[in-house]
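Please keep the sequence and the model at hand while going through the points.

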Amino acid sequence: MLQALALVLVLITIKSAFGGVGMLYPKESESRDSKFLDGMWQFRADNSPTRNKGFQELWWKKPLVETGPVIDMPVPSSFNDVTEDKSLRDFVGWVWYDRSFYVTSGWASGKRVVLRFDSAHYFTYVWLNGREVMSHNGGHLPFEAEVQHLLNYDSSNLVTVAINNTLSPTTLPPGTIQYQTDTSMYPPGYFVQNLQMDFFNYGGIHRHVRLYSTPLVYVDDITILTDVRNNIGNVTYTVVAGGGIPQFVEVTLLDASEAVVAQSSKLADSLTIQSPNLWWPFGMNETVGYRYTLQVNVSGDVYRQPFGIRTIRVTENQFLINEKPFYCLGVAKHEDSDFRGKGLDYTLIAKDFNMLRWMGVNCIRTSHYPYAEEILELADRQGVAVIDESPGVGIKNDNNMGNESIAHHLEVMSEMIRRDKNKPSVIMWSVANEPDSSRHLALNYFKTVIQYTRDNDPAHRPVTFVCSSSYKDDVAVQFVDVVCLNKYFGWYEDTGHLELIQRQLHTWFEGFRTLHKKPIIVTEYGADTVPGLHRAPSSVFTEEYQAEFLQEYHKEFDIARQDFLVGEMVWNFADFMTPDGITRVVGNKKGLLTRQREPKRGAFVIRDRYNAIINGTAQTCGCSPSSKYSSQPHSYQHSTNPDQIIG
């Protein structure tokens, strides 16, 4: 097993060294052009019993419209909710897209031209003018290929894409296909996709598709590391040039007003800034989201990479940003909205960030997959800290933890780090959400993935996974830098019993702290809430219950945050879609906001709390440090004697 894993690491290293290390976000500049291929594409699902008809009939060899019925499909979007066809909404298997386009003759010579997909779910093949140009395993992350040698510059071009949203035990997220063989109950070949995640399995081309051009010698990758010592900012950078040896290199460090701060003529160097402006999350400093720009010119190819100067350090009890204690006032989110599913939408992104600021949120988790780069760009600018999470959600059994799964997980973490390494908003990596970390195989699995992530991030950010196992059974939390916990006392356990939440949460905290002297973030807690449903006294699913539920957690948070608790994150920012099931009524309703971003009662509770903490007016428990977490529960008002009156 160790030999196989070593081979996986070697292969990943070779891919990085010789297959192109960069995945810079496409930006126009003096030397670079960009052409979006977004819009209406032709689309058809392969409804054949094997889902393999498109490959058998070579659908990429001609326009899809010549292969059978097609419909118009917007890109970017998920394909599931665009039509009124239930079979398409729930479709599992291969779907096909194509569109034609023209390329300016100015790109015909002396240009490197790249075809890039920012995200497609999950396994993708791409053909250009009938020639396969690339494939990619996994959603949420970009992939690209050089195509200048395949383009027609004097006639139209045809790009064809085949995408499969099937989840298997070794994909991220994992799932299983269950075939029904009783033909008295099911037609031949009938199958269902079983999910190990509590959100809808949206498929399609979810983010931008574009062509972009660079010179033949170009900026392939940029890595920026920052540090601050004695009020001097150190900016260490490495530039990777592609396509040949550059004739010259010009690197210019610009401040937010585009004034020149420092310069170099090297591909790798360390620059200094006296009294730098630091990158701060919202609520920690008057200056929020300050960014510098590293302007790189390699043989005439100009690329500008924004970055922030900030430090991160974790102690036994604190999460420090720029050596100041950071407390995560957070929410977990989803990329999810009406009609477009997980499709990129700028209006929705802007609305979400306005609602985050309205509630006083300074931190989000990209539950449960890497979000669009446009979202992280806004987090950088607006000072919202990000726990950047992989698609490792629902790793529940031994079939999800073998060598093949580890290899794919390492590849995904490598792609995440390559894409997001320069983002100042990204303060921590999360490699998984709610795996079964009590399993024997989980020890080696998460030790390997966490250490690989830690070693391969040039900035060595903290690494975690989000745990829902009992502290009595978990075997993997020992490897993380910050303990992240999901727990639903009063909802999934002892439903409706708000009076138990504080006692049970206290026990949970004490159990993990006894085993692991590390700071804790509660990364999920919440209650399904039907908007507009009211009842006095409260009961589950009402807005009153959501508000009271949150407040019971806050009582214990206010004790623990004087000691080791460094963050709290409500599940969820907004309601989101899930598969059909008897425990969900048209989606998960734990949002502080509806799916249309209207606030429920709980949103006002969070807004009042977060803004009070930021403004320094929040109440605390008044406990002395020695009494916060002892071996005995503290000051609960409910008797454990059934003969006494419960108060």
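1. The structure under discussion is a predicted model. The values in the points that follow should be read with that in mind.

2. The six-stranded sheet. Six strands come together in an open sheet, and their order is E3-E2-E4-E10-E7-E8. The pairing in this sheet is antiparallel.

3. Strand E7 (residues 123-128) runs antiparallel to E8, and six bridges join the two. E7 and E8 form a hairpin with two residues between them. Asn 129, in the turn, has a positive phi of about 50°. As background, side chains in a regular strand alternate between the two faces of the sheet.

4. Helix H6. This helix covers residues 403-420, which amounts to 18 residues. Is H6 mostly covered or mostly exposed? H6 is mostly covered, with 13 of its 18 residues buried; a residue counts as buried when its relative accessible area is under 20%.

5. The largest pocket. This pocket holds about 1100 Å³ of space. Its lining consists of 38 residues, and those nearest its centre are Lys 86, Arg 89, Asp 90, Phe 91 and Phe 200. Helix H3 (86-89) and strand E12 (191-195) each supply at least two residues of the lining. The largest share, four residues, comes from E12. By class, the lining of the largest pocket has 16 nonpolar, eleven polar and eleven charged residues.

6. The largest cavity. How many cavities of 30 Å³ or more does a search of the whole structure find? The search finds six. The largest cavity has a volume of about 150 Å³. Of the 19 residues that line this cavity, Glu 335, Leu 348, Ile 349, Asp 352 and Ile 375 lie nearest its centre. Helix H4 (residues 346-359) contributes the largest share of the lining, four residues. The lining of the largest cavity is made up of seven nonpolar, four polar and eight charged residues.

7. The second largest cavity. About 60 Å³ of space lies in this cavity. The residues that line the second largest cavity are Gly 22, Leu 24, Arg 32, Arg 112, Glu 144, Tyr 212, Tyr 218, Val 219 and Asp 220. Strand E15 (residues 218-229) provides the largest share of this lining, three residues. The lining of the second largest cavity divides into four nonpolar, one polar and four charged residues.

Notes. Residues numbered from 1 in each chain as written. Predicted model: local features only at pLDDT ≥ 70, side-chain atom pairs only at ≥ 80, totals over all residues. Heavy atoms only, no water. 1 Å grid on protein atoms, 1.4 Å probe; cavity = no way out; pocket = protein on both sides within 12 Å on 5 of 7 lines; lining within 4 Å. Points joined across faces, edges and corners; volume = space filled by probe spheres on them. Nonpolar A, V, L, I, M, F, W, Y, C, P; charged D, E, K, R; others polar. Pairing = 2+ DSSP bridges. Expected span 1.5 Å × (residues − 1). Buried < 20%, exposed > 50% of the residue type's maximum accessible area, 1.4 Å probe, protein only.
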